[in-house]
Amino acid sequence: MEQIRLTGAQETLLATLYAKALDNRSPRPVLGDGSAERLMGRLDYDFRKMKFIGRDRRTVTFRAKKLDEWTTEFVARHPDALVLHLACGLDSRAFRLPLPDGVQWIDVDQPDVVELREKLYEPRDGYRVLATSVTEQAWLESVPADRPTLVIAEGLTPYLQQADGLTMLRRLVTHLPHGEMTFDAVLPWTLRIARYSRLVRTTGAPFGWAVGDPRSLEELVPGLRLLEEWSLLDSPHLADARAQDRVTASIMKLARPLRYAHRLLRYRF
C-alpha cells in the first residue's frame with residue numbers, strides 16, 4: 001500500500017480517481033476506466049472522505065470522456081503528435097487510449113504526485129513524466145517543439161491564479177509549433193460559491209481563475225483561436241442519468257450561466 005500525503009489541489013486527484021471507480025462499477029459506465037479501482041486498492045487513503053463525489057461523478061466522467069474523444073481525433077489526424085497532459089494526477093489516459101505508434105506522450109505534475117504515479121504505472125516506450133509545477137518555466141525546455149501538439153489540462157485551470165494561468169498559456173503557445181489546447185474553465189459566478197463546495201472544504205483547494213467569454217483568451221494569449229465551447233450538459237451520456245437529473249439539466253440549459261457552469265474550452269494555436 002502506498003501512503004498518501006497529498007493536500008490542497010493535489011488531493012483533488014483522489015476525488016477524480018474515486019469518481020472514475022464509481023463510474024466503472026455502474027451497469028452502463030461512461031468512461032469504463034478499470035484502472036481507477038485497481039489504483040484505489042493500492043492506496044492507503046480513507047476514500048470515505050470522498051464519498052460525496054458520488055453525486056457529482058458525471059462531472060468527472062463526462063469531462064474525461066470528451067477529452068478522450070478529442071485526443072483520439074487529434075492523434076488520428078496527427079499520428080506523429082506530442083500529447084502534453086498537464087496536472088495529470090493519476091489519470092490513465094496515456095494507457096487506456098489506442099495511440100498510433102508514433103505518438104509521444106508527456107504527463108506533467110508536481111513532484112510528489114509524480115513520485116506516487118511512478119510507483120503505480122509501468123514505464124513504456126513513447127511515454128515519460130515530468131515532475132514540476134506547470135507554472136514554472138524551465139520544464140518546457142525539455143518538451144519537443146518539432147511536432148503537432150495537443151495540450152490537455154483537466155481539472156487544473158480553475159485552481160490557478162489568473163496571472164499564472166495566462167502566463168502558462170502564453171509560454172505554451174510560444175514554445176510549441178502548432179496544435180490544439182483544451183481545458184476546463186469555470187464561469188466567474190462560480191468563484192463566489194466554490195468556497196461552499198464539499199470538495200473545496202475537504203481539500204482546502206479554492207478556485208482562483210474564471211473565464212467568462214472564451215474569446216477573451218484570443219486577445220490575452222496571442223495565437224489562440226477558439227474552436228469549441230462544450231458544456232457537460234451536452235454530453236450524450238446524460239440520457240442515461242436519472243429522470244430528475246435529466247429534467248434539471250434541461251432547465252439549466254435554458255440559461256447560459258447555468259449551462260456553461262461546467263464546460264471545456266478547445267483552442268487551436
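The report below describes a predicted model, going from the sheet as a whole to one of its strands and then to the helices.

## The sheet

An open sheet of mixed pairing is built from seven strands, which follow one another in the order β5-β4-β3-β6-β7-β9-β8. The edges are taken by β5 (127–131) and β8 (225–231), and because each of these has a single partner strand, one side of each is left without a neighbour in the sheet. On average, and with direction ignored, neighbouring strands are turned by 15 degrees against each other.

## Strand β3 and its partners

On one side, β3 (residues 82–86) pairs in the parallel sense with β6 (residues 149–153) over five bridges, and β3 is also joined to β4 by five bridges, again with the two strands running parallel. Valine 83 stands opposite leucine 150 in β6, while leucine 86 has alanine 153 of β6 opposite it and valine 108 of β4 opposite it as well.

Five of the five residues of β3 are buried, so this strand is largely enclosed by the rest of the structure. In regular strands, side chains alternate between the two faces of the sheet. Here Leu82, Leu84 and Leu86 point one way from β3, whereas Val83 and His85, likewise buried, point the other way.

## Helices on the sheet

Helix α6 (residues 162–175) lies across β3, β6 and β7, and its course makes about 165 degrees with β7.

Definitions and conventions: Residues numbered from 1 in each chain as written. Predicted model: local features only at pLDDT ≥ 70, side-chain atom pairs only at ≥ 80, totals over all residues. Heavy atoms only, no water. Pairing = 2+ DSSP bridges. Helix = DSSP H or I, 4+ residues; strand = E, 2+ residues; numbered from the N terminus. Axes fitted to C-alpha atoms, helices over the stretch in contact; angles between N-to-C directions. Contact = heavy atoms within 4.5 Å. Buried < 20%, exposed > 50% of the residue type's maximum accessible area, 1.4 Å probe, protein only.
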